[in-house]
Amino acid sequence: MSQNAQAYQWVDDSNPRLEGGCRCGTTRVNLRDKPLFVHACHCLTCQKNTGSAFGITTIMLESDIELIQGSLIVKAIEQAPHRHRHLCSTCGEQLYSTATNHPRSAIFQVGSLDDPRRITINAHIFTKQKHDWLVLPDNVLQFPELYDRQTTWPEESLKRLAAAIKADS
């Protein structure tokens with residue numbers, strides 16, 4: 001049974017433009033369109049990596065991440081050579097990552113945004129590992145582990161990704 005999330009909404013849809021950059025200020029980006037999907041991951045790895053109760057994964061079309069200032073360097077991740085980190089060429093902060101097994105999409109670092117509060121979460125994953133004290137909202141999808149993208153992502157997001165992949169072929 002399909003339980004696709006609603007089409008993505010910014011916290012403030014009156015201003016769809018969202019900008020961010022590295023902490024040194026050399027590299028700046030503009031997100032040209034809304035994310036395909038955003039989930040909060042409660043797995044132990046994300047808890048350890050963030051020092052928080054969960055990590056936020058913002059999945060974008062890579063073409064929707066516009067470099068407006070500075071430059072990026074791309075480095076393969078040693079433990080996963082199919083994944084690449086896109087880093088500020090000055091300070092080395094990661095702005096997003098890509099993977100060859102997920103063509104045309106990118107994982108954008110929410111902490112790089114000027115106002116990360118504008119991002120809304122479509123789903124919570126690995127909730128079986130979440131902190132007991134954390135109460136999740138009933139109106140957001142929740143999964144004990146991973147979700148199936150085809151039955152979870154909004155139809156609009158699936159169509160945008162499919163069109164981007166098709167344009168490459």
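**A first tour of the chain**

Guide: Please keep in mind that this is a predicted model. The protein chain has 3 helices and 11 strands.

Visitor: In which order do the elements run from the N terminus on?
Guide: The order is β-β-β-α-β-β-β-β-β-β-β-β-α-α.

Visitor: How many residues are there, and what share counts as buried?
Guide: The protein chain has 169 residues, and 43% of them count as buried. The chain exposes about 9400 Å², with carbon and sulfur atoms supplying 50% of that area.

Visitor: And what part of the contacts joins residues 24 or more positions apart?
Guide: Among contacts in the protein chain with a separation of 6 or more, such residues account for 60%.

Visitor: Let us turn to the sheet with β1 in it. What is its strand order?
Guide: This open sheet of 3 strands has the order β1-β2-β5, and the pairing is antiparallel. Its edge strands are β1 (18-21) and β5 (65-69), each of which pairs on one side only. On average, neighbouring strands of the sheet are turned by 30° against each other, with direction ignored.

Visitor: How many bridges join β1 to β2?
Guide: There are 4 bridges between β1 and β2, which run antiparallel. As for individual residues, Leu18 stands opposite Leu31 in β2.

Visitor: New topic: salt bridges. How many does a search of the whole structure find?
Guide: The search finds 8 salt bridges. Glu19, Arg28 and Asp114 are linked in a network of them.

Visitor: Is Arg28 buried or exposed?
Guide: Arg28 is buried, because its relative accessible area is 18% and the cut-off for buried is under 20%.

Visitor: Which residue does Arg117 meet in a salt bridge?
Guide: The side chain of Arg117 meets that of Asp115, at 2.8 Å from N to O. Arg117 counts as exposed, with 66% relative accessibility, whereas Asp115 counts as partly exposed at 24%.

Visitor: Where does Arg104 lie?
Guide: Arg104 is in the loop between β8 (94-99) and β9. With a relative accessibility of 26%, Arg104 counts as partly exposed.

Visitor: What is the phi of Phe126?
Guide: Phe126 likewise has a positive phi, of about 55°, and is not a glycine. Phe126 lies in the loop between β10 and β11 (141-142).

Visitor: Does Phe126 count as buried or exposed?
Guide: Phe126 counts as buried, because its relative accessibility is 19% and the limit for buried is under 20%.

Technical notes. Residues numbered from 1 in each chain as written. Predicted model: local features only at pLDDT ≥ 70, side-chain atom pairs only at ≥ 80, totals over all residues. Heavy atoms only, no water. Salt bridge = Lys/Arg side-chain N within 4 Å of Asp/Glu carboxyl O. Buried < 20%, exposed > 50% of the residue type's maximum accessible area, 1.4 Å probe, protein only. Helix = DSSP H or I, 4+ residues; strand = E, 2+ residues; numbered from the N terminus. Pairing = 2+ DSSP bridges. Axes fitted to C-alpha atoms, helices over the stretch in contact; angles between N-to-C directions. Contact = heavy atoms within 4.5 Å. Areas by Shrake-Rupley, 256 points an atom, 1.4 Å probe, with all protein chains shown as cover.
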